[in-house]
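I opened this structure to look up a few things and write them down. The entries follow in the order in which I made them.

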Amino acid sequence: MTKFLKAATLGTALAVAGGCAAVGVGVPGGGDSVNTDLFKDEKDFLTRMDKLKSVTGTDKVVTKTEVLNILGVKAKKLRNMDRSEIRGALEGTGPNAMPLVKSTLTADVLKCLQGSSFQYADDNGKYAFNNPIRWQKETKGFNYNVQMIFNTCSGKEPVVDTVLDSGGPTYSKRKKTVFDLINSDSFSLPGM
């Protein structure tokens with residue numbers, strides 16, 4: 001019965017795919033979204049990051065509260081970084097890999113540092129049928145990682161020490177055929 005059900009489902013899917021391929025219809029599906037509620041869109045995020053970089057790139061002391069106000073992000077949305085992540089971010093071994101300090105981070109210096117980070121990503125996926133037996137999944141979007149290091153020993157409130165960001169636009173295209181489904185253990189399209 002299972003083979004019959006799989007064959008019937010596959011037959012129906014092929015009929016639908018054939019119809020969609022004939023008229024060139026794409027079907028929305030699957031995508032990764034992280035913290036999309038933080039900003040209106042990618043342009044809003046980039047504008048806020050540019051403003052933050054222009055403020056933190058001066059001799060002006062910028063507090064953690066001011067940083068969060070510029071970004072428009074609540075502190076509870078941030079992930080606290082551990083000491084190894086802070087060290088990695090500053091020494092260039094972390095995900096943003098931008099060496100700023102040459103292994104001069106002593107235990108005393110690290111005690112004064114506090115790190116916060118967040119990811120902002122949105123990849124919109126779309127399935128398209130090239131013909132009844134071949135389809136592809138195309139995703140377009142963006143993926144950014146932001147790490148902020150604050151100095152907590154400089155006064156009452158933590159002040160920004162370093163802001164690192166990485167990422168940018170993303171694009172991927174993956175193709176499959178009906179034969180890939182027949183030979184697989186699971187009958188699913190998500191993630192392809």
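I looked just after helix 4 and found G92 there with a positive phi of about 90°. Helices (H or I, at least four residues) and strands (E, at least two) are DSSP runs, numbered from the N terminus. This is a predicted model, where local features need pLDDT of at least 70, side-chain atom pairs count only at pLDDT 80 or more, and totals for chains, interfaces and linings use all residues. Residues are numbered from 1 along each chain as its sequence is written, and side-chain values use heavy atoms, with hydrogens and water left out.

I then went back into helix 4, residues 83–91, and listed I86, G88, A89, L90 and E91 as its buried residues. Buried means under 20% relative accessible area, exposed over 50%, and partly exposed in between (1.4 Å probe, protein chains only).

Next I checked helix 3, residues 64–71, where K64, V67, L68, I70 and L71 are buried. Seen down the axis of helix 3, these buried residues fall within an arc of 160°, so they line one face of the helix. The arc is that of the directions from the helix axis to the C-beta atoms. After helix 3 comes G72, with a positive phi near 75°.

I looked up R134 and placed it in strand 5. R134 counts as partly exposed because its relative accessibility is 35%.

Of its 192 residues, 36% count as buried.
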